[in-house]
Amino acid sequence: LSTSGYTQFLVPGVLAQGVVVAGLFGMGYAMVRYRQSRFLRKLATTPLSKSSFVLSQIIARVVLVTLQLLLMLVVARFAFGIPLSAAAIGWVVLVGALGLVTFMGIGFCISCLVETEGNVVDIINALSVPIALLSEIFFSSTELPRAVAWVSGVLPSTAMVRSFRAVLLHREDPMEVVVPSLAILAGWAIVTYGIAVRSFKWR
């Protein structure tokens, strides 16, 4: 790849990495901080249900991260020449929103197991590095050993990166790449939220 070509290759990965970090920290760190400050204990005395509280957290962050994605797409268009269309933007927003929900679910699981802010930051940072290396952000998984490439293929972050590249760079049929990726993201979201809801405690 040329320098400009690799830059365009890298942009979808950067978009996905931003979603990953926003999801893990947005839910994982926030929930631990809420618990340490006893904010969750106060909420436990109100009629607010666990599901309503978590849903409000998800909606607020999806709106914020969607705005961030749109801003990053504008920068990518004018700074790096990434071609944009209304359909491509729509797919990026959809995949990014589901990806955010998925990684918020993973962050939610972490927050149910970790009690201190320092520990949750360490765990999230420790997860972020292998996620970045295995998710085709910097290079294709074809460069990896077969077993590692298989692991890469089932990661939700890889699903996001592939979808972003498919609609932004390759103009591929969304039904061939994006829809299977959405299924992977949805599967991860269902599993992680199922585990987190069963483990979640106000105190």
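**Reading a predicted helical model**

Guide: Asp173 lies in the loop between α7 and α8; helices here are DSSP runs of H or I, at least four residues long, numbered from the N terminus. The model is predicted, so local features need pLDDT of at least 70 and side-chain atom pairs count only at pLDDT 80 or more, while totals for chains, interfaces and linings use all residues. Residues are numbered from 1 along each chain as its sequence is written, and side-chain values use heavy atoms, with hydrogens and water left out.

Visitor: Is Asp173 buried, exposed or partly exposed?

Guide: Relative accessible area decides (1.4 Å probe, protein chains only): under 20% is buried, over 50% is exposed, and the range in between is partly exposed. Asp173 counts as partly exposed because its relative accessibility is 39%.

Visitor: Which residues have the most contacts inside the largest nonpolar core?

Guide: In soluble globular proteins, nonpolar side chains tend to be buried together. A nonpolar core is a set of buried Ala, Val, Leu, Ile, Met, Phe, Trp, Tyr and Cys residues joined through side-chain atoms within 4.5 Å. The largest such core in this model has 53 residues, and those with the most contacts inside it are Ile58, Phe108, Met160, Leu168 and Tyr193. At least two residues each come from α1 (3-36), α2 (39-44), α3 (50-80), α4, α5, α7 and α8. Helix α4 gives the most, with 12 residues.

Visitor: How far apart in sequence and in space are Val11 and Val161?

Guide: Sequence separation and C-alpha distance are read side by side. Val11 and Val161 are 150 residues apart in sequence, yet their C-alpha atoms are 9.4 Å apart in space. Val11 lies in helix α1 and counts as buried because its relative accessibility is 11%. Gly13 has its place in helix α1 too, and at 0% relative accessibility Gly13 counts as buried. Gly13 and Leu94 are separated by 81 residues in sequence and by 16 Å from C-alpha to C-alpha.

Visitor: How many aromatic pairs does the structure hold?

Guide: A pair of aromatic rings is described by the distance of the centres and the angle of the planes. Rings of Phe, Tyr and Trp (its six-membered ring) pair if their centres lie within 6.5 Å; planes under 30 degrees apart count as stacked, over 60 as edge-to-face and the rest as tilted. The structure holds 3 such pairs. The pair of Tyr34 and Phe39 is tilted, because the centres are 5.1 Å apart and the planes are at 55°. Ring pairs link Tyr34, Phe39 and Phe53 into a cluster.

Visitor: Which residues line the largest pocket?

Guide: Rolling a probe the size of a water molecule over the atoms shows where empty space is left. On a 1 Å grid over the protein atoms alone, a pocket is an open set of points where a 1.4 Å probe fits, with protein on both sides within 12 Å along at least five of seven lines; lining residues have an atom within 4 Å of a point. The largest pocket is lined by Leu24, Phe103, Ile106, Leu127, Ile131, Leu155, Pro156, Ser157, Trp188 and Thr192. About 160 Å³ of space lies in this pocket, a volume being the space filled by probe spheres set on the grid points, which are joined across faces, edges and corners. Helices α4 (86-113), α5 (117-134), α7 (156-168) and α8 (174-199) each supply at least two lining residues.

Visitor: What is the phi of Glu136?

Guide: Most residues other than glycine have a negative phi. Glu136 is not a glycine, but has a positive phi of about 65°. It lies in the loop between α5 and α6 (146-154) and counts as buried at 9% relative accessibility. Arg38, in the loop between α1 and α2, also is not a glycine and has a positive phi of about 65°.
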